[in-house]
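Please open the model in your viewer and keep the sequence panel beside it. The stops below are meant to be selected one after another.

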Amino acid sequence: MFPDGRHRQGSSAMPIVTVQQGPRSVELKRELVRQITDAFVDAYRIPAETVQVWIQEVPTDSWGAAGTLTADK
């Protein structure tokens with residue numbers, strides 16, 4: 001690790017990606033995890049096994065945009 005907190009290339013640091021979203025099907029989440037993992041493998045030249053993706057689903061009645069609950073749209 002560099003003094004400023006950056007890691008050297010080839011570091012064993014494991015990337016963890018957190019996605020916050022509304023509910024989606026298992027099929028869509030599988031595809032999202034695959035594509036995010038592939039992006040990190042390509043960009044960082046790391047093994048897929050080192051990439052973790054956490055999906056946090058928020059019910060539509062627990063978030064809103066532009067002053068309206070998503071459940072009300």
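The tour goes from a surface patch to a strand residue and then to a pair of rings.

This is a predicted model, in which local features need pLDDT of at least 70 and side-chain atom pairs count only at pLDDT 80 or more, while totals for chains, interfaces and linings use all residues. Residues are numbered from 1 along each chain as its sequence is written, and side-chain values use heavy atoms, with hydrogens and water left out.

Select Met14, Ile16 and Trp54, which together make a nonpolar surface patch of about 310 Å². Met14 itself sits in the segment before strand S1 (16–21), strands being DSSP runs of E with at least two residues and helices runs of H or I with at least four, numbered from the N terminus. Met14 has a relative accessible area of 42% and is therefore partly exposed (buried means under 20%, exposed over 50%, partly exposed in between, with a 1.4 Å probe and protein chains only).

Next, select Gln21, in strand S1, which is buried at a relative accessible area of 14%. Show its surroundings: leaving aside neighbours within four places in sequence, Gln21 is in contact (heavy atoms within 4.5 Å) with Lys29, Leu32, Ile55, Gln56, Glu57 and Val58.

Finally, select Phe40 and Tyr44, which both lie in helix H1 (residues 26–44), four residues apart, or about one turn of the helix. Their ring centres are 5.4 Å apart and their planes stand at 85°, so the pair is edge-to-face (rings of Phe, Tyr and Trp, the last by its six-membered ring, pair if their centres lie within 6.5 Å; planes under 30 degrees apart count as stacked, over 60 as edge-to-face and the rest as tilted). A search of the whole structure finds one aromatic pair. Phe40 is partly exposed at 21% relative accessibility, whereas Tyr44 is exposed, with a relative accessible area of 51%.

Definitions and conventions. Patch = residues over 30% accessible without salt bridge, like charges linked within 9 Å, V, L, I, M, F, W, Y side chains within 5 Å. Areas by Shrake-Rupley, 256 points an atom, 1.4 Å probe, with all protein chains shown as cover. Salt bridge = Lys/Arg side-chain N within 4 Å of Asp/Glu carboxyl O.
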